[in-house]
Amino acid sequence: MPSFLFSSESVTEGHPDKLCDAVSDTILDGHTAKLELTVAKKNEVRSMGRLVDRSEGDKTETSVWLVERPVKMLTFSTATRFEEVKLEVPSIPPVYAFGPSFQLDNRDKVHNVGADVANSMQFFQKMFEEPIDVPQFYVTSIAGWHGQAFDGFLHMGEFTFTSDHPGASELFRAHEVAHEWWGYKVAWKSYRDQWLSETFAEYAAMMFVQMFVKGGDKFMEEILDSYEGVVHGNLSGGFSKFARPGLVEFNQQFHKRLGPIGHGLRAGTNEIPTGYIIQSYYKGPLVMHMLRTLLRYRTGDDKLFIKILRDFVHDNKGRAASTADFQKAVEKHVGGNWSPWFDSWVYTADIPSYRWNYSVGNAPDGSLTLTVNAKRSDVGDDFMTIIPIRIDYADGTVGAIFMVNTKAEQTVTTKLSGKPKNIVFAPDHSLLARIRKD
């Protein structure tokens with residue numbers, strides 16, 4: 001089932017009578033288009049846009065599609081042996097899954113792809129409060145292993161149409177759906193900001209798996225373990241379905257030469273040419289998880305984190321957003337100056353190491369006190385992060401304090417409301433670091 005990226009008879013937005021070059025000066029330009037596609041009669045075609053004409057020749061069939069709303073990229077898909085499944089679900093456009101038919105039970109698998117697309121689309125619409133506004137939505141198989149999102153049209157590697165791997169299949173499919181928000185509704189301003197598209201799409205997909213798929217919490221933990229292995233350059237994630245051993249580089253000197261998330265495609269090196277992928281698809285989501293977990297420990301739930309994402313979509317819909325815009329969104333809802341945090345996690349590439357310990361003592365008034373000591377290394381003097389410390393009390397209640405870490409060696413002390421059962425430094429993957437308890 002071949003599929004194509006295509007640009008033909010493009011019309012610049014705002015100039016409907018003027019044809020422009022097939023290749024735009026920038027991917028952020030919007031174009032309308034007319035696609036006239038001729039294929040052998042045994043083929044079927046699915047395209048972006050609205051089908052306005054279809055005619056037959058002796059051995060061919062020609063279809064004409066109008067893309068009337070300006071889009072950044074155009075595409076279509078054609079195939080001979082195929083299955084098509086239509087799903088009509090409330091609040092979203094009809095979803096058409098167009099995949100291969102060379103297995104006996106493949107119609108069910110094509111249906112599963114369409115169902116995951118529809119379910120994740122509903123999930124993202126509700127979370128971001130911004131609907132998909134296309135008349136229909138296609139998801140089509142391609143002869144490849146990757147996925148690519150277009151406006152109202154998805155390419156997905158044929159493997160996801162022929163097999164299902166719980167957790168991993170939903171993650172892959174939801175990632176491409178999430179690009180309808182992160183990439184199309186909200187574009188990126190420069191190559192330094194492109195991580196916003198991939199990181200936000202991947203983390204949104206991770207949230208979908210966690211909140212919607214059966215066993216989602218365990219899948220989330222497995223994903224985070226695997227991604228940390230990629231970023232640290234080890235196999236700590238094991239050989240799970242989410243692991244990417246091909247991206248793991250064991251030479252730590254090579255790792256230290258990787259550029260930061262905010263360097264985009266320039267993050268890679270000769271030793272690790274996949275640096276952009278590592279930083280945007282793996283480290284970026286881990287940083288987003290840090291922010292989400294930090295805010296959850298501060299407020300008790302995910303409402304503030306989701307509000308930041310939701311408002312970021314609303315405030316930047318139809319425009320190219322920057323990392324600075326996202327920082328402003330965080331500061332607007334959380335307060336304070338987040339420049340040191342963004343400098344440490346987005347604009348520099350260092351990953352810290354921590355050694356920590358704690359002690360419980362008595363205050364003069366007879367209450368219990370907790371003292372936590374932390375020593376860090378492998379980062380510069382100006383590195384700053386915020387570390388949650390969870391307190392599990394003997395009576396079953398849970399508390400938390402925060403260490404605003406700005407020094408190589410730091411101590412925090414707090415009064416306890418009861419007898420502690422356990423103290424956890426940076427729980428729930430809330431800190432991307434190598435952590436050791438003394």
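Guide: Let's begin with a lining: by class, that of the second largest pocket has eight nonpolar, three polar and nine charged residues. Ala, Val, Leu, Ile, Met, Phe, Trp, Tyr, Cys and Pro count as nonpolar, Asp, Glu, Lys and Arg as charged, and the others, including Gly, as polar. Please keep in mind that this is a predicted model, in which local features need pLDDT of at least 70 and side-chain atom pairs count only at pLDDT 80 or more, while totals for chains, interfaces and linings use all residues. Residues are numbered from 1 along each chain as its sequence is written, and side-chain values use heavy atoms, leaving out hydrogens and water.

Visitor: What shows where empty space is left?

Guide: Rolling a probe the size of a water molecule over the atoms does that. A pocket is an open set of points on a 1 Å grid over the protein atoms alone, where a 1.4 Å probe fits, with protein on both sides within 12 Å along at least five of seven lines; lining residues have an atom within 4 Å of a point. Points are joined across faces, edges and corners, and the volume is the space filled by probe spheres set on them. The second largest pocket comes to about 450 Å³. Among its 20 lining residues, Pro70, Lys72, Asp151, Tyr184 and Gly318 lie nearest its centre.

Visitor: What is the volume of the largest pocket, and which residues are closest to its centre?

Guide: The largest pocket has a volume of about 910 Å³. It is lined by 37 residues, and Gly147, His175, Glu176, Glu198 and Tyr281 are the closest to its centre. Elements giving two or more residues to this lining include helix H3 (168–178), helix H4 (195–212) and helix H7 (275–299). Helices (H or I, at least four residues) and strands (E, at least two) are DSSP runs numbered from the N terminus. H3 gives the most, with six residues. By class, this lining has 19 nonpolar, 12 polar and six charged residues.

Visitor: At what angle do the axes of H4 and H5 cross?

Guide: Axes are lines fitted to C-alpha atoms, for helices over the stretch in contact, and angles run from 0 to 180 degrees between N-to-C directions. The axes of H4 and helix H5 (residues 216–232) cross at roughly 145° and come within 7 Å. Contact means heavy atoms within 4.5 Å. Residues that meet here include Tyr203 and Met206 in H4, and Phe219 and Ile223 in H5. The contact has nine nonpolar, two polar and two charged residues.

Visitor: In what order do the three strands of the open sheet lie?

Guide: Strands of a sheet pair through backbone hydrogen bonds, either parallel or antiparallel. Pairing requires at least two DSSP bridges between two strands. The order here is S18-S17-S20, with antiparallel pairing. Strand S18 (398–405) and strand S20 (420–425) are the edge strands, each pairing on one side only. Five bridges join strand S17 (residues 385–393) to S20. Asp392 has Asn422 in S20 as its bridge partner. H7 packs on the sheet, touching S17 and S18, and its direction makes about 50° with that of S17.

Visitor: Is Ser91 buried or exposed?

Guide: Buried means under 20% relative accessible area, exposed over 50%, and partly exposed in between (1.4 Å probe, protein chains only). Ser91 is exposed, because its relative accessible area is 59%. Asp428, at 37%, counts as partly exposed.
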